[in-house]
Amino acid sequence: MSDQQPLYNSRITRTYLQYLRKNYPDITIDALLEKAGIANYEIEDPGHWFTQEQVDRFHETLIIETGDADIARKAGRFAGSSEGVEGAAKQMVMGLMSPTATYLLVEKLYAIMSRGAIVRAKKLGPDKVEIVSMPKTGVAEKAYQCQNRTGFFESLAKWFTDKYATVEHPECFHRGDEFCRYIVAWEKTPALIWKRIRNYLMLGAVLAFLVLLPLVSLKTWGIIFLLSTFFLGILSQYASHLENQELTRTIETQKAAAEENLVESNIRYNNALLIQEIGQVASKILAVDELMRNVASVMEKRLDFDRGMIMLADRDRARLNYMAGYGHTKEQEEFLKQTAFNLDNPESRGLFVLAMRERKPFLIDNINEIENTLSEKSLTFAKRMGSRSLICVPIIYEKESLGILAVDNSKSKMPLKQSDMSLLMGVASQLAISITNAMSFKKLQQSETKYRELIETANSIILRMDAEANITFSNEFAQRFLGYTEEEMLGRNAARIIFQDSVSTQQGFNQLINSMRRNPEISVVSENETSRRNGEKVWIAWAYKPIFDDEGKFREILCIGNDITELRRADREKKDLQAQLQRAQKMEAIGTLAGGVAHDLNNILSGIVSYPDLLLIDLPQESPLCKPILTIQKSGEKAAAIVQDLLTLARRGVAATEVVNLNSIIMEYLLSPEHAKLELNHPNVKLERHLDPNLLNILGSPVHLSKTIMNLISNAAEAMPDGGKIVITTENRHEDIPKNGFDEIDAGDYATVIIKDTGIGISQEDLERIFEPFYTKKSMGRSGTGLGMAVVWGTVKDHRGFIDIKSKEGKGTTITLYIPVTRQAFTKEVDLVSLESLKGHGESILIVDDVKEQREIASEILEKLGYTVNTVSSGEEAVSYLHESSADLMVLDMIMDPGIDGLETYQKVLEIKPSQKAIIASGYSESIRVKEAQRLGAGAYVKKPYLLEKFGRAVRAELDKS
């Protein structure tokens with residue numbers, strides 16, 4: 001269940017605010033609600049529900065403002081008090097006359113307030129009950145909500161005993177138990193206590209009288225009897241008095257609650273009449289203009305708003321025009337008739353146009369608060385109409401906006417509520433169907449004169465049915481299309497032929513026929529999937545029209561069906577192509593971003609990564625500065641690794657040329673600090689590994705493969721919030737033929753990594769989008785950026801590999817990576833060379849780079865190694881320099897702006913110095929232009945930021961070439 005699911009009624013939040021007003025009068029309620037992101041009208045609307053995220057934010061704001069961490073329990077006590085309980089809840093509490101009955105009906109009371117948990121109650125004794133609360137699946141209930149319930153349970157008993165109940169809480173969901181269990185005990189009511197005292201004294205008196213009868217004189221016994229009877233009578237009167245007081249209080253409360261319920265019932269009755277009357281108007285009137293006027297009249301009669309209006313789009317859907325309304329002055333109505341809103345302007349910010357375009361309702365509590373967002377025309381319109389607050393809902397039919405319905409209170413100033421908007425959305429929905437039906441009927445009227453000609457020549461399914469849905473006529477196309485002869489169709493029930501595969505659809509079809517029989521003036525259209533006689537699935541768009549005899553009596557139904565199977569298929573393919581295009585465009589945009597970041601950020605990082613090498617050369621090993629300088633350098637290298645992630649997304653970051661073994665990659669990650677941190681954050685997650693000792697090698701990038709393993713294991717751990725097991729397996733696989741899975745896996749030999757978890761699993765909807773960049777179910781910035789699985793996809797694809805995923809919600813996920821194997825042997829990393837072996841002998845080096853800082857860093861490194869260095873800031877300057885002078889080696893930046901880039905520079909240099917030596921430097925990974933320069937004779941490629949050892953080795957190696 002999503003955090004955006006409405007779960008908690010606004011009454012709960014309102015009792016918190018009532019508690020604040022009583023106990024924290026200095027706190028400004030409006031400011032508190034603004035911090036919590038909750039509107040005042042949402043609080044005042046008893047039909048509004050808040051999400052888990054909203055109530056969590058509200059509670060956090062309460063604690064900050066009040067400084068009271070126990071405010072949830074105190075508010076719960078207040079909610080169950082005579083001040084906090086209202087409406088139906090108060091009636092239930094006081095009407096039951098006993099604490100036991102009240103507590104047993106808590107589950108019904110709780111359902112009115114919350115959809116987040118299931119509450120059950122049972123009696124344990126005359127003054128004790130057990131209440132169990134279990135959060136519904138997917139609800140992320142917090143501990144403060146348990147505390148709030150506890151306070152509520154404590155306070156209910158106070159209605160009867162004037163003392164809080166004792167609540168034991170032996171099991172708690174928030175302490176790891178399956179549910180929350182409360183044992184509630186209370187003292188007996190005063191009336192009941194005094195009744196029991198009277199009864200016990202009466203019994204004692206009877207026994208005493210029997211004992212004393214033979215021991216005392218009859219006169220003395222009579223006196224004692226009279227005194228006892230008098231005393232017991234007074235006691236009975238007092239107990240009755242207490243009981244009458246409780247009964248009186250209950251009757252008064254029931255009276256108030258009944259009045260509240262009567263008001264609410266009247267509102268609901270009025271709303272029901274509104275929908276009914278609009279339906280009656282729509283069923284009788286098929287002219288759009290007349291229909292709108294009649295609907296506006298019904299709205300004026302039944303809705304409690306000062307003004308209302310209906311606006312519809314014109315035939316070309318270019319303008320939004322006024323159709324009908326109520327409550328306006330003559331001057332305002334003339335202004336409305338002359339006003340139209342443009343729908344074809346994508347820059348339009350008008351409220352009515354936005355409602356149409358976005359198909360979204362708006363409730364504006366104060367139009368002055370949004371006047372900066374309105375267009376000049378919309379602002380002028382609002383001021384001319386004198387609107388302060390309004391509700392605007394779109395009129396939508398099958399995802400297409402037909403117009404808008406708007407209401408406001410310009411005179412009464414009554415606040416508009418969420419429930420008002422919900423009601424209007426229902427009216428708009430009814431209105432949309434009515435408009436569509438009117439338009440459809442108009443089209444049918446226009447074509448009625450050509451009815452017989454259409455039947456003879458139409459490529460449509462045309463059927464006629466009697467009132468019992470038996471087929472009385474079918475055209476030739478219907479017979480060919482469905483695969484039945486005329487004799488086989490005549491007299492058959494249409495539902496058995498047209499909807500033979502679906503019982504529920506047959507029932508729906510029969511309901512349609514019954515509805516038309518009861519109200520034959522309606523005209524209906526629908527789209528349904530069915531099967532031909534040969535079993536082929538097809539989609540048909542149907543239009544149903546009633547046929548009347550000369551006396552106006554409903555006799556038959558005309559059904560016209562068109563095959564829209566190809567349209568459906570084309571629409572599905574179009575959506576798939578659009579999705580692919582969107583993904584491609586998204587990846588292209590990220591690639592552009594990654595390129596810019598790589599170039600600019602590597603330039604920025606150069607000083608952090610490169611200068612420490614120079615500083616460490618001049619520092620003795622025992623210097624206390626060595627460690628912080630190394631830390632700075634490592635931080636820079638980590639920042640550079642982030643750039644590599646972006647390059648991976650852009651499919652530019654993986655150079656899969658190194659022989660590696662996946663077992664080594666996995667073991668290095670499992671021994672890393674990152675994995676140690678993961679284990680610390682997920683102590684209940686156990687990890688098993690089954691690594692094949694004979695696993696074949698692959699050609700790959702250890703950095704990217706390690707990041708891939710880390711992302712997959714991290715995702716698996718986070719999919720098990722309550723703990724579980726991760727199993728990592730490696731094995732060799734040979735696929736003889738292509739294999740269909742999440743990917744289509746080519747035939748070949750693969751080294752595979754299988755990561756299996758016992759977590760929550762992945763839904764089919766999420767599975768289809770799991771590798772999209774920035775698509776994540778995690779909290780952005782907390783547990784994920786949305787790039788992890790996109791990096792996995794990019795890395796596997798750059799290794800020419802494949803991915804297979806099997807997942808079931810609630811059962812866990814298995815992800816298998818297929819990487820093509822290599823027969824090359826695994827080689828150990830080359831030992832670091834000594835600084836002396838990198839030093840130059842005065843050779844001249846020309847640095848070509850458009851960034852001043854990069855030229856300075858490269859110069860200092862090479863001068864430190866004993867080379868003579870000159871620098872230029874562009875390719876043009878480099879060509880000019882080499883016309884006049886010479887250099888033993890060029891260090892050539894690949895991307896320079898403005899002017900010619902590294903490849904063009906090298907091409908022009910070779911024209912004047914064909915044997916000129918050069919190495920390539922870039923913040924990007926190797927590109928096509930880098931490889932082209934190397935094909936022309938350039939040497940090694942050095943990736944920025946510069947590291948002394950790698951840079952020095954590349955320079956020395958190129959100079960030493962014959």
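**Close-up views of a predicted model**

About 250 Å³ of space lies in the largest cavity of this predicted model.

**Figure 1. The largest cavity and its lining.** Three cavities of 30 Å³ or more are present in the structure. The lining of the largest cavity comprises 21 residues, and those nearest its centre are Met309, Phe352, Phe381, Ser387 and Leu390. Strand 7, helix 15 (351-358), helix 16 and strand 12 (400-408) each give two or more residues to this lining. Helix 16 supplies the largest share, with four residues. Rolling a probe the size of a water molecule over the atoms shows where empty space is left.

**Figure 2. Buried and exposed sides of helix 14.** Helix 14 spans residues 330-338, and its buried residues are Gln332, Phe335 and Leu336. These residues cover an arc of only 100 degrees around the axis and therefore lie on the same side of helix 14. Lys330, Glu331, Lys337 and Gln338 are exposed on the other side of the helix. The packing partners of the buried residues are strand 7 (307-313), strand 8 (319-326) and helix 16 (376-385). Two of these partners, strand 7 and helix 16, also contribute to the lining of the largest cavity. An α-helix has 3.6 residues a turn, so residues three or four places apart point the same way.

Figure 3. Within helix 33 (residues 902-912), the buried residues are Gly902, Leu903, Thr905, Tyr906, Val909 and Leu910. Because they fall within an arc of 155 degrees when seen down the axis, these residues line one face of helix 33. The elements covering them include helix 32 (875-884), strand 29 (889-893), strand 30 (918-922) and helix 34 (928-935). At the N-terminal end, Asp901 caps helix 33, with a side-chain oxygen 3.3 Å from the backbone nitrogen of Leu903. Pro898 is situated in the loop between strand 29 and helix 33. The peptide bond joining Asp897 and Pro898 is cis, with omega about 0 degrees.

**Figure 4. Two non-glycine residues with positive phi.** Most residues other than glycine have a negative phi, and most peptide bonds are trans. Arg359, by contrast, has a positive phi near 50 degrees. Arg359 belongs to the loop between helix 15 and strand 10 (362-364), and is partly exposed, with a relative accessible area of 42%. Arg800 likewise is not a glycine and has a positive phi of about 60 degrees. The loop that holds Arg800 runs between helix 29 (788-798) and strand 25 (802-808). Arg800 is exposed, at a relative accessible area of 53%.

Figure 5. Arg956 is part of helix 35 (residues 948-960). With a relative accessibility of 8%, Arg956 counts as buried. A polar contact of 2.9 Å links the side chains of Arg956 and Asp960. Leaving aside residues up to four places away in sequence, Arg956 touches Ser837, Leu838, Lys839, Gly840, His841, Glu843 and Tyr867.

**Figure 6. His704 in helix 27.** His704 is located in helix 27 (residues 702-718). The relative accessible area of His704 is 5%, which means that the residue is buried. Its side chain makes a polar contact of 2.7 Å with the side chain of Ser701. His704 and Val792 are 88 residues apart along the chain, and 8.4 Å separates their C-alpha atoms.

**Figure 7. Ser422 in helix 17 and its separation from Gly47.** Ser422 lies in helix 17 (residues 418-447) and is partly exposed, with a relative accessible area of 44%. Although Ser422 and Gly47 are 375 residues apart in sequence, their C-alpha atoms are 9.4 Å apart in space. Across the chain, 66% of the contacts between residues at least 6 apart in sequence join residues at least 24 apart.

**Figure 8. Cysteines without a disulfide.** The count of disulfides in the model is zero. Cys146 is in no disulfide, and the nearest cysteine sulfur, belonging to Cys180, is 3.9 Å away. Cys146 is buried, at 4% relative accessibility. Cys392 is also buried, with a relative accessible area of 0%.

Conventions: Residues are numbered from 1 along each chain as its sequence is written. This is a predicted model: local features need pLDDT of at least 70, side-chain atom pairs count only at pLDDT 80 or more; totals for chains, interfaces and linings use all residues. Side-chain values use heavy atoms; hydrogens and water are left out. Buried means under 20% relative accessible area, exposed over 50%, partly exposed in between (1.4 Å probe, protein chains only). The arc is that of the directions from the helix axis to the C-beta atoms. Contact means heavy atoms within 4.5 Å. A disulfide is a pair of cysteine sulfur atoms within 2.5 Å. A polar contact is a pair of N or O atoms within 3.5 Å; within protein, one must be able to donate a hydrogen and the other to accept it, and residues adjacent in sequence count only if both atoms are side-chain atoms. On a 1 Å grid over the protein atoms alone, a cavity is a set of points where a 1.4 Å probe fits but cannot get out, and a pocket is an open set with protein on both sides within 12 Å along at least five of seven lines; lining residues have an atom within 4 Å of a point. Grid points are joined across faces, edges and corners, and a volume is the space filled by probe spheres set on the points.
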